[in-house]
Amino acid sequence: MKHLLSSLILFAFAAFSTAQNSVYQQYVARYHTMAVDQMKRYGVPASITLAQGLLESNAGRSMLAVKANNHFGIKVGGDWTGPYVVKSDDRPDDRFRKYRSVEESYEDHSLFLRRPRYAALYDLEPTDYVGWARGLKAAGYATNPSYAQLLINIIEQHNLMQYDRLSGAGAHGNGMPDEDFLQRVRLCNDVVYVVVRQGETFADIAKAANIRESRLRSYNEVDRHYRLKAGDRVFLNRKKSHVEHSLRGTTHRVMAGQSMYDIAQMYGVKVEKLYKWNRLRDDYYPTEDDVLILK
């Protein structure tokens, strides 16, 4: 009986963990572009924004998130003159900010972290999510003594640091990203990329993104002889083994002049997977109007 009870407890825990992971993944899928946008404009690491949103709003399911679009537990305080909701927290009648949208909550979170008490955070490397998590706790963002470690755990368990890939790119001395470079950042299949400008090389992009050129070429599946042309996509982290969920099971009709590499770059996937899904020989080269399966 004792062993049976232990097994049931473990099973229940595993089921709970799986369900929680699914909810967290859905939250990240829905809001990661918003977090990256905030990073580009204000310098707050996207991983930190997402981890705080997940923790403070219970992945968008808390009362504050549902009734007030408040994903970061920010109280009225300061110069806030907008609407609020009342909820028991440190006191039974604490007032929390109410927003018209989740976007407004994310924006206010970034502005909230521009207060002087958080100024030291911007001296950190933008990819230093551990330093940011500890700095937020030290600056008094939350009273929970485990707050920093909770954020770190969430970031590492859900690989949120991938969204910080560019937070140090072209950084100024104050730790803020180079706006010119970061304004070019895009996401395809949850992989960060930039569009190549006329005359730009792998070396130029590697320097701006603070990535070794050899690694950048590896991410994009090209050797040291490959030369970029204007309009190419250069991915700044490793491409995926599947297309995004909404495209799985659909097809791609080949356009004139498209290579398998061009198509793989278009969807942010590895070239070898495109061949594998379609059971193609290594020497296959697509022709116009060929139809390829996406998985």
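Two strands count as paired if DSSP finds at least two bridges between them. The model described here is predicted.

**The sheet**

Strand E4 (residues 191-195) meets that criterion with E5, the two being joined in the antiparallel sense over three bridges. Within this pairing, tyrosine 193 has phenylalanine 235 of E5 as its bridge partner. The sheet as a whole is open and has three strands in the order E3-E4-E5, with antiparallel pairing. Strand E3 (186-188) and strand E5 (233-235) are the edge strands; each has a single partner strand, so one side of each lacks a neighbour in the sheet. On average, neighbouring strands of this sheet are turned by 45° against each other, direction ignored. In general, strands of a sheet pair through backbone hydrogen bonds, in either a parallel or an antiparallel way.

**The helix pair**

Helix H5 (residues 129-138) packs against helix H6 (residues 147-157) at an angle of about 150°, and their axes lie 8 Å apart. Angles over 145 degrees count as roughly antiparallel, and H5 and H6 are therefore roughly antiparallel to each other. The crossing of H5 past H6 is right-handed. The residues that make the contact are listed by helix below.

| Helix | Residues in the contact |
|---|---|
| H5 | Tyr129, Val130, Ala133, Arg134, Leu136, Lys137 |
| H6 | Tyr147, Ala148, Leu151, Ile152, Ile155, Glu156 |

Sorted by class, the contact of H5 with H6 holds nine nonpolar residues, three charged residues and no polar residues.

Methods: Residues numbered from 1 in each chain as written. Predicted model: local features only at pLDDT ≥ 70, side-chain atom pairs only at ≥ 80, totals over all residues. Heavy atoms only, no water. Helix = DSSP H or I, 4+ residues; strand = E, 2+ residues; numbered from the N terminus. Axes fitted to C-alpha atoms, helices over the stretch in contact; angles between N-to-C directions. Parallel < 35°, antiparallel > 145°, perpendicular 65-115°, else oblique. Left-handed = near helix turned anticlockwise from the far one by under 90°. Contact = heavy atoms within 4.5 Å. Nonpolar A, V, L, I, M, F, W, Y, C, P; charged D, E, K, R; others polar.
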